[in-house]
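Please read this briefing beside the sequence and the 3D view.

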Amino acid sequence: MAANIPNDNITLPASWRGRAPVFVAVGAIAVLLSLGIFYFTNTEKAELGFRTFFHSYLANFIYCLSFCLGALFFVMVSHLARAGWSASIRRIAELYAYTIPWWALLFLPILAMVLFTPSDALYAWNGNVDNLTHVVQEKLVYLNPIFFSLRTAVYFAVFIIAASVYFKMSRKQDDTGDTEITLKLQRWAGPFIMLFALALNFASFDWMMSTDAGWFSTMYGVYLFAASMLSFFAVMIVTCYLLQRNGRIESLVTTEHYHDMSKFQFGFIVFWAYIAFSQFMLYWYGNIPEETLWYKYRMNNNWQWLGLALIVFHFAIPFLGTVSRHVRRNRGVMAGWAGLLLVAHWLDMTFLIMPNVSENTPMSVPLLFGHLICWIGMVSLFIALFLWRVGDTPVVAVKDPWLPDALAYHNV
């Protein structure tokens, strides 16, 4: 099977690879520009400008990192389930996951702020503790700069080690064709998934939920997981579609693969809505003030319109639009739906983090404009890191023993 695959059809177009430095430049300029926008639109209170920027940086950072975390889980669970159908698309997921070491570097500005400055620009527990509520002060044994940094190092270590193992072993199989490598990766998948689940849950608590340290939700990590998997499948559909539009992997990623990716995407549309509604419902009928404040901030100051937009564009419209088997087997149409879901995912990360800037911060045009510029910057960096990571690496693992199954299977 591998001998019949022309090499020039399983690598990125040369024109794509040469654009990585351009995307880095655009990304750096856009992120700095967003900082300037937030600062100069809050000249009377510069501290609020920095607070807004760091919340925007975190929201857009998590937005991009979630693709890579979803990719990592997909790689591991594919091996765990011995999913032959995914062999021809798994390498793309491995490449996305293997960019995580660079995302660890992009988290350093947040880590440096936590470690070296007593600033509450992002986390109130890192500022003047005398101003904190009793509930938050009781959490300072856990929420403190040193312990936060150590936990962050552990989370990234789990993600990086898992991503590195699966990518490097897969590349080794490209050279040797050793089927024992696949068996090893299958055996390691279970333990790695358990570590991944713990790291993802606690990372969501630390990095995102503690921006409002007085509020808590045991469902928060599952919420981020659902959003990560949904956005990952959207990214995969768009990536495969763009590669095929440029004459790559045309016979290796078939309509059957689009159908399966679309089914998973549809499933996570429903799962995300289930988790989001369940979390809201629990706090609604509990009606405990310290638990409902998080939603109160999101039902005022124009944030309520963003919440309603999520119901429509993150669930209702995509659910109805992709429920049909005919739609799921149409590559161009599914790429369009994937694009819409990526926009909705950005709105979702915005809804989770940006209202925590302050109790009275409204959703305004200047805020959204600066936040959008930061998004452009972070997505540009995401594209650049992916292009650099891929280089001339084949985007299909041609010696994967499951590849013949991936090319022969059909949905029923």
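Predicted model: local features only at pLDDT ≥ 70, side-chain atom pairs only at ≥ 80, totals over all residues.

Residues are numbered from 1 along each chain as its sequence is written, and side-chain values use heavy atoms, with hydrogens and water left out.

**Cavities**

- A search of the whole structure finds 2 cavities of 30 Å³ or more, a cavity being a set of points, on a 1 Å grid over the protein atoms alone, where a 1.4 Å probe fits but cannot get out.
- The largest cavity holds about 60 Å³ of space, where a volume is the space filled by probe spheres set on grid points that are joined across faces, edges and corners.
- The lining of the largest cavity consists of H79, A87, R90, R91, E94, S170, Q173, T182, L185, A397 and D400, lining residues being those with an atom within 4 Å of a point.
- Helices α4 (90-97), α8 (145-176) and α9 (180-208) each supply at least two residues of this lining, and the largest share, 3 residues, comes from α4; helices here are DSSP runs (H or I, at least four residues), numbered from the N terminus.
- By class, the lining of the largest cavity has 3 nonpolar, 4 polar and 4 charged residues, with Ala, Val, Leu, Ile, Met, Phe, Trp, Tyr, Cys and Pro counted as nonpolar, Asp, Glu, Lys and Arg as charged, and the others, Gly among them, as polar.
- The second largest cavity holds about 50 Å³ of space and is lined by I62, L65, S66, L69, L200, A203, S204, W207 and L224.
- Helices α3 (46-80) and α9 each supply at least two residues of the lining of the second largest cavity, which divides into 7 nonpolar, 2 polar and no charged residues.

**Largest pocket**

- About 750 Å³ of space lies in the largest pocket, a pocket being an open set of points with protein on both sides within 12 Å along at least five of seven lines.
- Its lining has 28 residues, of which A124, L132, T211, D212 and Y297 lie nearest the centre of the pocket.
- Helices α3, α7 (134-137) and α12 (289-297) each supply at least two residues of the pocket lining, whose classes are 13 nonpolar, 8 polar and 7 charged.

**Salt bridges**

- The structure holds 9 salt bridges, each a side-chain nitrogen of Lys or Arg within 4 Å of a carboxyl oxygen of Asp or Glu.
- R91 pairs with E94, the closest N and O atoms being 2.9 Å apart, and both residues lie in helix α4, 3 residues apart, about one turn of the helix.
- R91 is buried at 1% relative accessible area, and E94 is buried at 4%, where buried means under 20%, exposed over 50% and partly exposed in between (1.4 Å probe, protein chains only).
- A network of salt bridges links R91, E94, R171 and D174.
- D206 forms a salt bridge with R151, with 2.5 Å between the closest N and O atoms; this pair links distant parts of the chain, D206 in helix α9 and R151 in helix α8, 55 residues apart.
- Both D206 and R151 are buried.
- D260 and K263 meet in a salt bridge at 3.2 Å, N to O, and both lie in helix α11 (residues 255-286), 3 residues apart.
- D260 counts as buried at 9% relative accessibility, whereas K263 is partly exposed at 35%.
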